[in-house]
Amino acid sequence: MNDRNHLKLLLADDDKPIANIYRTGLPQFFAEETSRGRMSASITVCSQGDAAVALFQEAHDKGEPFDVIVLDVRMPPGISGVEAAENIRGVDKDVPIIFISGYSDVAIPNLEERVPPASKMCYVEKPIQLSELADLIVEMSTA
């Protein structure tokens, strides 16, 4: 992580209303005083797995890596969030990845096998409150 009180986040979700909620609503949860001090976040949002991989690679190449990645599991018509995570892990095996899905058929052991290490990834089901997502992002960034 670049700065313990400033997080650089990448969020990918093909559902435009959800992506807009991330873009506009999530920042407020990083502008408040926390037990770790005042937090802030730079949030980059995209709608496809391919775009997430490209944005991640670009930031990594510039020496400005993302601290936490949040990926929707399904993002048609392109690659899935799982495939995007596999590509991202090829560049940085330790970046925390949070998978989010509105589907209940996601096999968590399969995710852990495909996108190790399990300690650097987690899975949550939609809907998730923004405050809960923000807490999870902070937790994953410090693990």
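**Helices, strands and their packing**

Q: How many helices and how many strands are there in the protein chain?
A: This is a predicted model, in which local features need pLDDT of at least 70 and side-chain atom pairs count only at pLDDT 80 or more, while totals for chains, interfaces and linings use all residues. Residues are numbered from 1 along each chain as its sequence is written, and side-chain values use heavy atoms, with hydrogens and water left out. Helices (H or I, at least four residues) and strands (E, at least two) are DSSP runs, numbered from the N terminus. On that basis, the protein chain has five helices and seven strands.

Q: What is the bridge partner of I69 in β6?
A: Strand β5 (residues 68-72) pairs with strand β6 (residues 97-101) in the parallel sense, over four bridges. In β6, I69 has as its bridge partner I97.

Q: What angle do the axes of helix α2 and helix α3 make where they cross?
A: Axes are lines fitted to C-alpha atoms, for helices over the stretch in contact, and angles run from 0 to 180 degrees between N-to-C directions. The axes of α2 (residues 49-61) and α3 (residues 81-91) come within 9 Å. They cross at roughly 15 degrees.

Q: Which residues of α2 and α3 make the contact?
A: Contact means heavy atoms within 4.5 Å. The residues that make it divide into five nonpolar (Ala, Val, Leu, Ile, Met, Phe, Trp, Tyr, Cys and Pro), four polar (the others, Gly among them) and no charged (Asp, Glu, Lys and Arg). They are G49, V53, F56, Q57 and H60 of α2, and A84, N87, I88 and V91 of α3.

Q: Where is P77 found?
A: The peptide bond from P76 to P77 is cis, with omega near 10 degrees. P77 lies in the loop between β5 and α3.

Q: Where is the place of P127?
A: K126 and P127 are joined by a cis peptide bond, with omega about -5 degrees. P127 sits in the loop between β7 and α5 (130-142).

Terms used:
Two strands pair if DSSP finds at least two bridges between them.
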